[in-house]
Structure formats: structure tokens, C-alpha cells
Number of protein chains: 2
Amino acid sequence: MVNVAILGFGTVGSGVAEVLAGHEGSIARKADGLIRLKYILDVRDFPDNPFRDCFVKDFAAIEGDPAVDIVVETIGGTGAALDFTRRALEAGKSVVTSNKELVATHGYELTRLAKERGVCYLFEASVGGGIPIIRPLSQCLAANEILEIYGILNGTTNYILTRMIRAGLSFDAALKEAQEKGYAERDPSADVDGHDACRKICILAAIAFGRHIYPEQAPTEGISGISLADVDYAESAGKKIKLLGRAIRREDGRVCVYVAPHLVDHSDPLAGVEDVFNAITVRGDSIGDVMFYGRGAGKLPTASAVVADVMDVARNLGHRKALSWDEGGEDAVCGVEELRSRWYVRAAASADELRIALGGKLPAGRGTGSGEAACLTDEAMTRGELDRKLAGIETLSVMRVLD
Amino acid sequence: MVNVAILGFGTVGSGVAEVLAGHEGSIARKADGLIRLKYILDVRDFPDNPFRDCFVKDFAAIEGDPAVDIVVETIGGTGAALDFTRRALEAGKSVVTSNKELVATHGYELTRLAKERGVCYLFEASVGGGIPIIRPLSQCLAANEILEIYGILNGTTNYILTRMIRAGLSFDAALKEAQEKGYAERDPSADVDGHDACRKICILAAIAFGRHIYPEQAPTEGISGISLADVDYAESAGKKIKLLGRAIRREDGRVCVYVAPHLVDHSDPLAGVEDVFNAITVRGDSIGDVMFYGRGAGKLPTASAVVADVMDVARNLGHRKALSWDEGGEDAVCGVEELRSRWYVRAAASADELRIALGGKLPAGRGTGSGEAACLTDEAMTRGELDRKLAGIETLSVMRVLD
């Protein structure tokens, strides 16, 4: 018998309780024993809840109960979540979480603490919701040198972009629709400004490349500046605009991590990833490209990933599953300004002016002829090189092309 | 220090030696210690090979050496591979393999034997080459009831179909091209007749549903009967022809497993999987659809999956990683004849005759007007029900539609 405590009875926490209860038999069979939900920590009262006997309001009750083997942290943020995670690990309990912000900012400290205490700190649900990515990346692809990871890591922005591309909605209209459908928060900035995707690519980069990358080290650009003119130009060039998180290993060992909208060719499997779906491509030296695709969020998908981690800990109790990396630092990262790409540029200029400045392809689009033009460069260059070519031209939109 | 012996120095076996040698440092770091290649078993001589000091010709040398912890079986087939695998497990050594035929036919016995001896029998590379699927399915998705698994499990047939669809080559011409490129064997029957895909879907079904499914229990149809007329009709209906392995859990717990070409809608991510790529979709009750995509074969992709399994065993030596299922039987499977689908039918009949018989959509295609017509049924039905509707009509091609 393995005892579990859930911290925070919100969307994911209540989903974890549901999945544990709903799959009791098969979970016990697969985990070689019963997993019992013993505590739920929440400040609120849930008198009519089927799990009402589990509720406690003080973390000390969980921390001090030696029968609790696994703590599920679904509080979110880096306040109480950090304090309780530290204390649970110190008390010799394994911790499972879906909290990407906590892992992205304190993952180095917490995985090291878990290692010292001989327990686990697992977070499969922190990236890609229910899509298996953390374990495949750290175990199945372990015999590869990872060269690059890139992906659509945020379902809200992918939904908005899909509606702009397929229904011709403006960014504002698509955002409003996403909010009405419950895909976007009332304050959508964590999603639309790219911060959610940033946390996730930082976690993946740490696992793939072995050093912590802090979110503030990863330049992050969202999608609120994208217009329907950009969508149109991209389409006429056979490409789709997608918000990507990317982590690229440079030859000198440094890693370039950033989040920005990109033009993705229709032939790339990522171009077909629509609505709230996520997809992550991992490029390894032996395996080539591998892609993982599915719903990147949602109560039950995320909860099922948390419970799978709980089962993994339960099956291997007393046998730590190492998942850790080294401390980060300025020498771990390479600035995105060093990265060469082909570029998409929309500018308040004539087609001739752009052609002379950049010499690339000029796709057709709705802006054409109205005092603006767009261009895809033929050559890869840094942003600095691009800006020098564009001297004296007023740019309206600049995005990298994924090649 | 963990000692490894490779059985069979063919494509995959030599790839394993290469990956082990080429990634020595990072493998040692990730596996918490050095992994040393001690033996390679092969009947042939390799006097100029960099690994020449490892070669032995008698399995007894490996079996009798207590220093050997892990045996990598890359012999293939069910002859010597079965004998050596049994003996290695009996001798208390873990075995890692890419041999899908052996796992699909003797997986129940071998996983049970490994469990009894407290060692591992791992086979991530047996399905999807280097694509992580076995471990994600058995671990990351463990909190789901799996409802269905379906996928493009054979790269050779997917390459042939892609060339028929995109270049308008006939089956014979596309097969010849695949052989010239080294994607198809001189005797291509294991691939084009669906047997390779059959073994893989049987392995996935056992892991997902908990009982062994033997290849002879899974009706298997290949792609040699597909004509360009079928490709054309499918295209005009917005679909692509793909060879799918499918394993579907029925409400009574039985599993329907089969391999056959299907019409897949362009909106399904599988439709975009081209050339030699594989992709596997897993449908779970909590997670919804998750897809895994990548190169399903090839020396280094497959070898890297074998080495990842070796690293997993090395990291957890003395701690068995359970992966096993129950014995199969007639009561485990449900015949494909019970499965309802919408259907694609091409027949030597007029459009009116087909419309009257089936009442569905009539796509345009190159056969139209030349004494044949094609139809997609609106309703799902069993093959028996379809055949009764088609009484008196000579069918030229019949395929299920994936919905």
C-alpha cells in the first residue's frame, strides 16, 4: 500500500483524485499494489465532495505523517508550492508535479534535493500535458546526442493562430473566442506572450542538454503582433505561422533557447498541428527527427500524466529514478542574436525596395499594393545582419523561417 | 562497470556497437557508470573490424561468463535467437532485443521467464525502430484505459504508397524503386504483405491490453492489390490510402487486431506521414489521442533504441523493470468480421448500380466511365453486411475507412 497526498484541489488536483479513483483496479495491477489517496490539502471546504474525508488544511499533517510516500503538488506557482515541495522532499517523500513554473525556475535545486534524499521528483505533466515527452527524452532517446528540440508547446496560442489561419479571424477576435471556449484565461498574457511556452522549452532543454536554463535566459516573443496580412503572406509562400519554443545545441556546447513565432513549411509535420494540440520534435544524432503529438493541456490528460508518475514511483519505491541536471549559468546559453535563420519581413516599402534590400522571394498577400510588401530571404543570416540590410526601411513584422 | 554481449553482427548489431563506442562518455554519465562491450557473437570473421577482439563463435562463452550482465539479441527470427534468449535469461542475464518476430511469437514466455529470474527483457526497438513507443505506452500512459492503437508501422509500404500517391507510380514500379533505394528486401513479402506490421501491432496490443495476441490471430492484408484507380478515388474523396495495424478494445474486453490498407482522411495526422516514416496513435480514456512519429527503421535509429534499453538496465541493475502480460487465447481476440466501419468499394458496376446498392458518396476517379465506379458508404457496417448489399456486383477493391 502506497499513500498519496494531493496539494491543491484545483483543475489538475481534482483530476488526479478522479483518475486515481476511476482506475483503481488497473492502477493497482500495473503498480503492483494499491495506491491510496490519503490527504488532499486545500484551504477551501468541499463538504459534498466524494473525497471529503481526505481534506486537511495544514501541510504539517502531511509532512509529519510517515505513512505518506508520495506528494502530488498541483498548487502551481512558486510560493507555497516551492515551500511544500522542499519540505516534502526533506521529509523523504517523493514529489510528483505538473507545475512547469516551479520546475523551470527551481528544477535544479529540487532535483538535486531529491537525489540527496534518495527520493524522486517527477514532472512528466509539466510539459505537453498528457503527451509523453519527459520520460522518452530522458530514457528512450538517451543513446542520442540531442541536437535540437522545437515544438508547439502552448495550446491556447496554437488555437488562436489556427483560427486566424483557417477562419480569417483577427488576433483579438480569435483570442476572444478562445476565452469564451475556456482555452484562454481572462488575463491571457502568460499564454499569448509566450511565457508558458518558455517555461516548457527551458525544462526540455535542461533534460536534453544537462544544464539548467532559466526562463529569463530565453528571449520570449508572443503572437499578439501577428496580423492577418502576415498569415496571408505566409500562406502564399506555402507556410504556416506557429509559435515555437526552440532549444538548439551549438557546436561549442552552449544552448540557444528562445520562444518566437516562426514560418513553418507545410511539409513539416508541425504545420499540420492545429487547434489546442501540441507537438514536440526532438532531433537526435542517431534517431533523426522524432515527434510527439497530443493534447498539451486539460484536466484529465494532465492528471493522467501525474498519475502515471505516481505509479512509477510506487512501483519503484526505495529505488530512486534519477532525473537531474547541472546548475546553469551565463556560459550555458548562447544568445539568439547569434542564430542564423532565413527571415520573413513585412515592411512599409515597395516590392522593389524590399527586393533590392533582401534579394529574396516576394510572396503575394493582402497587403500587396497598399504601401507595403513582404519578403522571405533566400539566405540565412543573424538578426543583426538582417537589420543592416533593412537600414532605412520601416519594418511591420519580422519572423524567422523554420528550415 | 556493466558488460554487454551482442548476438549477431548484422545491420542492427553493428549499429549497437557503433552507438556504444561513439557515445561512450555521455552513455557512462547518463547510465551512472561505464558500459563495456565484451563480446560479439557471429559465425563470420571480421579480422579488420575495430571490435575484432570482442568476437566469439560459441554462445556458451557468453552464457558461462558471469561478468556479462546484458545480452543484446540482434540475430532476428525465432531459431537461434529464441534458444540464446532463453539461455541468457536462465543464466540471470538481462536481454535487450530489436527482434519483433521473437517478441510477437514468444513474448509471453520470455517476459515471464525474465520476471521469474528477476532480470529484464526489453524490446523498445522492436516497434517503430527508434521511435519511443513501448516505454511511453507501458509507463507514461499507464493511468489510461487504452481504447485503441493504430498506426503506420512499416516504412517500406508507406514509401511505396507515398510514391503511388505523389508520383503516380504503379505498385510494381514503386516497389522496384524502394528495392533500388534499399528500403525493400529482394523478397519484399514480409513488408508488402503486412506481416512485419502485424508483428508490431501484436506487441503493442499485448502491452496495452494485457494479453498475448499471436500474429496468426490477427488477419493481415497487404498493399499489393492497391491500384492507381484506388489512389485516385481516395484522393478525390479527400483521403489517402495507408497500411494500418489496428488493435481495438471491445466493450467485452476482447481485442480486435488486424492489418489492412485504410482510407485515412487528410485531417488525420497520420495522412501526413510520408516516405519511410512511421507513426503510431494511441487513444486513451484520459489522454485522448497521442501520436508518436519518426523513422521506423534504419541502422542507427534502431541501434539507438537498443542502447537506450541497455542503459536503462545498467542504471537499474538488480532492480527488475516489469514489462509482462498474460497468456493469450481464443477468448482474448474478437474477429475483425465483427468490426463495423464505413467502406470504400470499387466495383465493375455503373455508378447507378453502386449508388442503389450502397447509397453512399461516389467520388470521381480515373476509372469512372470505364465500366467501373467507386463508392464510400455513409454508414458503418460489418464486412458481412457490406457483402450482402453488394450481392451480384463484382468488386475490384474493398477497404475500410478510418473514422
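## Helices H4 and H5 of chain A

Helix H4 (residues 80-90) of chain A packs against helix H5 (residues 100-117) of chain A at an angle of about 10 degrees, and their axes are 9 Å apart. Because angles under 35 degrees count as roughly parallel, H4(A) is roughly parallel to H5(A). The crossing in which H4(A) passes H5(A) is right-handed. The structure described here is a predicted model.

On the side of H4(A), the contact is made by Ala81(A), Leu82(A), Thr85(A), Arg86(A), Leu89(A) and Glu90(A). In H5(A), they meet Leu102(A), His106(A), Leu110(A), Leu113(A), Ala114(A) and Arg117(A). By class, the residues of this contact between H4(A) and H5(A) are seven nonpolar, two polar and three charged.

## Helices H5 and H10 of chain A

H5(A) also packs against helix H10 (residues 195-209) of chain A. Here the angle is about 50 degrees, and the axes are 9 Å apart. H5(A) passes H10(A) in a left-handed crossing.

Which residues make this contact of H5(A) and H10(A)? From H5(A) come Lys100(A), Glu101(A), Val103(A), Ala104(A) and Gly107(A). From H10(A) come Arg199(A), Lys200(A), Cys202(A), Ile203(A) and Ala206(A). Sorted by class, the residues in the contact of H5(A) with H10(A) are five nonpolar, one polar and four charged.

## Helices H5 and H10 of chain B

In chain B, helix H5 (residues 100-117) and helix H10 (residues 195-209) pack at an angle of about 50 degrees, and 9 Å separates their axes. H5(B) and H10(B) are thus oblique to each other. Their crossing is left-handed.

H5(B) contributes Lys100(B), Glu101(B), Val103(B), Ala104(B) and Gly107(B) to the contact. The partners in H10(B) are Arg199(B), Lys200(B), Cys202(B), Ile203(B) and Ala206(B). The classes in the contact of H5(B) with H10(B) are five nonpolar, one polar and four charged.

Val71(A) is part of strand E4 (residues 68-73) of chain A. Is Val71(A) buried or exposed? A residue is buried if 20 or more other C-beta atoms lie within 10 Å of its own. Val71(A) has 28 C-beta neighbours inside 10 Å, so Val71(A) counts as buried.

Leaving aside its neighbours within four places in sequence, Val71(A) is in contact with Ala5(A), Leu7(A), Ile62(A), Ala88(A), Lys93(A) and Val95(A). Lys200(A), one of the residues in the contact of H5(A) with H10(A), lies 129 residues from Val71(A) along the chain. The C-alpha atoms of Val71(A) and Lys200(A) are separated by 22 Å.

## Positive phi at Asp275

Most residues other than glycine have a negative phi. Asp275(A) has a positive phi, near 55 degrees, and is not a glycine. Where is Asp275(A) found? Asp275(A) sits in the loop between strand E9 (255-265) and strand E10 (277-284) of chain A. With 13 other C-beta atoms within 10 Å, Asp275(A) is partly exposed.

In chain B, Asp275(B) has a positive phi of about 55 degrees although it is not a glycine. Asp275(B) lies in the loop between strand E9 (255-265) and strand E10 (277-284) of chain B. Asp275(B) has 13 other C-beta atoms within 10 Å, and so is partly exposed.

## How the two chains are related

Two copies of a chain are related by a rotation about an axis and a shift along it. A rotation of 180 degrees, with 0.0 Å of shift along its axis, superposes chain B on chain A with an RMSD of 0.0 Å. The two copies are therefore related as by a two-fold rotation axis. In chain B, the C-alpha nearest the axis belongs to Phe292(B) and is 2.5 Å from it. The same surface serves both copies, since 100% of the contact residues of chain B recur in chain A.

## The side of chain B that touches chain A

How many residues of chain B are in contact with chain A? 41 residues of chain B are in contact with 41 residues of chain A. On the side of chain B that touches chain A, at least two residues each come from helix H2 (24-30), helix H6 (134-140), strand E11 (288-295) and helix H12 (299-315) of chain B. H12(B) gives the most to this side, with nine residues. By class, the side of chain B that touches chain A has 22 nonpolar, twelve polar and seven charged residues.

Conventions:
Residues numbered from 1 in each chain as written. Chains lettered and ligands numbered in written order. Predicted model: local features only at pLDDT ≥ 70, side-chain atom pairs only at ≥ 80, totals over all residues. Least-squares fit on C-alpha atoms with pLDDT ≥ 70 in both. Contact = placed C-beta atoms within 7 Å. Axes fitted to C-alpha atoms, helices over the stretch in contact; angles between N-to-C directions. Helix = DSSP H or I, 4+ residues; strand = E, 2+ residues; numbered from the N terminus. Parallel < 35°, antiparallel > 145°, perpendicular 65-115°, else oblique. Left-handed = near helix turned anticlockwise from the far one by under 90°. Nonpolar A, V, L, I, M, F, W, Y, C, P; charged D, E, K, R; others polar. Buried ≥ 20, exposed ≤ 12 C-beta atoms within 10 Å, placed from the backbone.
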